[in-house]
Amino acid sequence: MSEKADCRLAFAEALIVLAESDPRVVAVANDSVGSSNLKEFKRRFPGRLVNVGIAEQNLVGVSAGLSNAGKIPFTCGAACFLTGRALEQIKVDLAYSRHNVKLCGMASGMAYGELGPTHHSIEDLAWTRAIAGMTVIVPADSIETTQAVRVAAAMDGPVFLRISRLPVPNVHPPDYRFEVGRAALLRPGSDVTLIAAGVTVSPALDAAGLLAADGISAAVLNMSTIRPIDRDSIVAAAERGPIVTVEEHTVFGGLGSAVAEVVVTSRPVHMRMLGVPGVFAPTGSAEFLLEHFGLTPEGIRAAARSLVRGA
């Protein structure tokens with residue numbers, strides 16, 4: 001794998017490229033210009049960045065207004081505040097009203113680990129994927145982030161892009177092409193399938209390597225679109241055998257729940273869902289928290305091995 005990179009950098013660079021070619025593209029922030037890596041965008045396009053301050057409900061309302069005026073707003077803020085504080089506006093002003101706004105949830109998951117539960121965004125997938133008409137995308141690396149930004153801009157309708165600040169290696173080749181609603185099979189396998197999204201994709205790949213040493217053949221799926229989800233890939237995985245889902249999110253309502261909804265209605269199979277088990281994550285570094293909840297190669301390996309061997 002390549003050296004680790006911050007997906008926010010790829011996001012910012014892709015947004016500038018879009019803005020250069022499309023004057024409709026604007027950025028909207030909640031006093032998060034720095035943390036969203038929008039400083040260069042502001043320098044290049046000073047009249048196309050709106051900073052509403054720490055007012056997330058207003059942030060979404062302003063974005064809806066800009067969309068109504070024909071703009072394509074990329075609305076940026078820490079994922080925990082962007083979704084949690086403005087959920088009604090996201091539901092009514094964006095999804096119900098079909099406004100073409102791209103919500104960019106920065107520092108998602110437990111990336112703000114030391115700042116504690118108020119800054120952990122481990123419910124955002126459950127909230128956003130429950131809203132009708134909302135597309136939910138979780139890029140796994142910088143290559144996929146760049147692609148997802150371009151695809152989101154070309155789509156008509158609201159999108160939630162979940163972008164982490166944790167450095168991750170590229171798991172995709174340079175010629176990878178992201179498609180909404182289509183998972184990427186990163187490693188074939190026949191005994192168990194590891195389905196992951198975002199920052200947990202790389203650990204899932206590493207876990208597959210560890211499982212191979214145990215004599216267990218593990219497939220790895222990057223499920224980067226949570227809604228609409230790739231039902232065909234999930235059913236194919238279930239036909240191979242048991243499934244382990246891995247997410248930096250509560251196990252209630254996120255990736256694991258979305259996969260289970262397909263499995264139980266199409267091809268019942270044993271599953272194990274790894275994530276935050278219905279608790280507030282403690283305060284600590286992001287690395288500590290991932291290990292605490294078993295979201296490491298070793299933790300994923302242990303869960304998959306016990307599932308396959310019936311332990």
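P228 lies in the loop between β10 (225–227) and α9 (231–240); helices (H or I, at least four residues) and strands (E, at least two) are DSSP runs numbered from the N terminus. The model here is predicted, so local features need pLDDT of at least 70 and side-chain atom pairs count only at pLDDT 80 or more, while totals for chains, interfaces and linings use all residues. Residues are numbered from 1 along each chain as its sequence is written, and side-chain values use heavy atoms, with hydrogens and water left out.

**Backbone**

- Most residues other than glycine have a negative phi, and most peptide bonds are trans.
- D31 has a positive phi, near 65°, although D31 is not a glycine. You will find D31 in the loop between β1 (25–29) and α2 (39–44).
- N37 also lies in the loop between β1 and α2, and its phi is positive too, near 60°.
- At a relative accessible area of 24%, N37 is partly exposed (buried is under 20%, exposed over 50%, partly exposed in between, with a 1.4 Å probe and protein chains only).

**Cavity**

- The structure holds one cavity of 30 Å³ or more (on a 1 Å grid over the protein atoms alone, a set of points where a 1.4 Å probe fits but cannot get out; lining residues have an atom within 4 Å of a point).
- About 120 Å³ of space lies in the largest cavity (the space filled by probe spheres set on the points, which are joined across faces, edges and corners).
- The lining of the largest cavity has 17 residues, with V138, R162, A197, G198 and V199 nearest the centre.
- The elements giving two or more residues to this lining are β6 (159–163) and β11 (243–250). Of the elements, β11 gives the most, with three residues.

**Pocket**

- The largest pocket holds about 330 Å³ of space (a pocket is an open set of points with protein on both sides within 12 Å along at least five of seven lines).
- There are 15 residues lining the largest pocket, and those nearest its centre are K4, P167, V199, P203 and L290.

**Cysteines**

- There are zero disulfides in the structure (cysteine sulfur atoms within 2.5 Å).
- C76 has its closest cysteine sulfur in C104, and because the two sulfurs are 4.3 Å apart, they are too far for a bond.
- C76 is buried, with a relative accessible area of 0%, and C104 also counts as buried at 0%.

**Aromatic rings and charges**

- The count comes to one aromatic pair (rings of Phe, Tyr and the six-membered ring of Trp with centres within 6.5 Å; stacked under 30 degrees, edge-to-face over 60, the rest tilted).
- F41 and F45 make up this pair, which is tilted, at 5.1 Å centre to centre and 50° between the planes. Both phenylalanines, F41 and F45, are buried.
- R48 places its charged end over the ring of F45, 4.7 Å from the ring centre (NZ of Lys or CZ of Arg within 6 Å of the centre and within 35 degrees of the ring normal).
- The charged end of R85 sits over the ring of F81, at 4.2 Å from the centre of that ring.
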